[in-house]
Amino acid sequence: MTSSQAWVFSKRGLPWDVLSLISRPTPTLPPPVPLPSDVPKPEEWLLVKTSFVGLNPGAIFQMTLVPPFIRQPTAVPEMDFSGTVVDVWHPEGDAAASPRFSKGDKVVAMLPASHTIPTGTGALAEYVRVPARYVVRKPEAVSFGDAAGCLLPALTARQMVTESGAKAGDRVLVNAASGGIGSMVVQMVRKVVGETGYVVGICSGKNADMVKSLGADEVIDYTQYTPLSAHLTTRFSASPFNTIIDTLGHQALYVASPSYLVPGGHYSSVGIKPPTFFVPDFLRAVVQMKLNEWWPVSRWLGGVGRRWCGVAMMNPTLEDRQSIIDMLGAGDIRLVRDSVWPFDQTKEAYAKLGGLHARGKVLVKVDASVGDDEC
Ligand SMILES: NC(=O)c1ccc[n+]([C@@H]2O[C@H](COP(=O)([O-])OP(=O)(O)OC[C@H]3O[C@@H](n4cnc5c(N)ncnc54)[C@H](OP(=O)(O)O)[C@@H]3O)[C@@H](O)[C@H]2O)c1
């Protein structure tokens, strides 16, 4: 039996407090039975040697929030990764379908919470056993690093852009335009609104040039204005936005939005940003989200006057994953990298992400022999 390394957590807390790097038996195929509830019947499974992992704030919430009785006692975090297939298993007989993958294929995957939570499987491991339904081929010209960072943020971004209702010629405001999701939203919405549209990104001044390079016509440096909503009112009340896409979840921007969002315009948000990653603040944020969703929009009934749409990117399909990777392969979107961290410095990488000022994606290089830009 061979062994390999993985980052694991067993108690709740912040990643730099609860993660340990352990040596464990390398996962093998076929997958153990009973099969997990998200993949209940025999189908193609892969063993992937991980190259890079893209870190996501959602994994920090998974470590601080999910109680042990609804997950595996010991779990590996994270969902986005790239790597190389080292073993393939598929059922024979009636259940058999043509295998999609062979040993040596270079791949990119996104594990959904419906798989990571009950199985304890996560991306931050040298080897990941994964159902092939969560995996697509990496385009030849895309680096392992860029591929690993893109699926969850770009899938969320695309859903936000779609649900915002943005269309050609629209004026769109994007909050947290320099983050993992925001940097994808700016690129996607630029294409949707076209030359005649106008995209404004909110970020700190140090990221202004980067956000403009992604397609924003104008950038607002939120660090220069308190409250920011007063500045947005002054600057945009005469030319309000058709839609607002908030990739951070800034309640004060929503409450003031009638001053700079057209009547009937949607305020699409990833949620409400809690002040910490812990349960009480998260529960307060959930209550606020439900109030935003369910309270009547009408100001006569105490509503904000504009519709708030919470976006939940829960269970993307294989086709969804493929279409994002196709966009990356075709150059329609590009990944902005905040930083690349060695596998043994994963806690430091999380500290960077947890500071909420990542500029694009924080990546962990799991396989030190793979070059930062290797395809
Ligand atoms: N609903 C869903 O299905 C879903 C899915 C995925 C993620 N999420 C959530 O979406 C959020 C964003 O995720 P992410 O991966 O994009 O995070 P991220 O990469 O860490 O981005 C954070 C960004 O926020 C910006 N920021 C910080 N404070 C700000 C402020 N006061 N005003 C404006 N911008 C500010 C930072 O920009 P500066 O450095 O320029 O300040 C940074 O670029 C997370 O809370 C995550 O949990 C939700």
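This is a predicted model: local features need pLDDT of at least 70, side-chain atom pairs count only at pLDDT 80 or more; totals for chains, interfaces and linings use all residues.
**View 1. The ligand between two domains.** The ligand lies between domain 1 (3-138 + 336-365) and domain 2 (152-310), because both domains give residues to the shell around it. That shell holds 25 residues, and the closest are Gly180, Ser204, Tyr222, Val311 and Ala358. By residue class, the shell divides into 14 nonpolar, 10 polar and 1 charged.

View 2. An oxygen atom of the ligand is 2.7 Å from a polar backbone atom of Ala358. A backbone N or O atom of Ile181 likewise lies 2.9 Å from a ligand oxygen atom. The side chain of Lys206 places an N or O atom 3.3 Å from an oxygen atom of the ligand. On its own the ligand has 950 Å² of accessible area, of which the protein covers 88%. Helix H2 (57-65) and helix H5 (180-193) are the elements that give two or more residues to the shell around the ligand.

View 3. A search of the whole structure finds 0 disulfides. Cys375 is in no disulfide, and its nearest cysteine sulfur, that of Cys150, is 13 Å away. A disulfide would require the two sulfur atoms to be within 2.5 Å.

**View 4. Accessibility of Cys309 and Cys375.** Cys309 has a relative accessibility of 14% and therefore counts as buried, the cut-off being under 20%. Cys375 has a relative accessible area of 27%, so this residue is partly exposed.

Terms used
Residues are numbered from 1 along each chain as its sequence is written. Side-chain values use heavy atoms; hydrogens and water are left out. Buried means under 20% relative accessible area, exposed over 50%, partly exposed in between (1.4 Å probe, protein chains only). A residue is near a molecule or strand if one of its heavy atoms lies within 4 Å of it. A polar contact is a pair of N or O atoms within 3.5 Å; within protein, one must be able to donate a hydrogen and the other to accept it, and residues adjacent in sequence count only if both atoms are side-chain atoms. Accessible areas come from the Shrake-Rupley method with a 1.4 Å probe; for residues, only the protein chains shown count as cover. Helices (H or I, at least four residues) and strands (E, at least two) are DSSP runs, numbered from the N terminus. Ala, Val, Leu, Ile, Met, Phe, Trp, Tyr, Cys and Pro count as nonpolar, Asp, Glu, Lys and Arg as charged, and the others, Gly among them, as polar. Domain bounds come from an automatic or database domain assignment.
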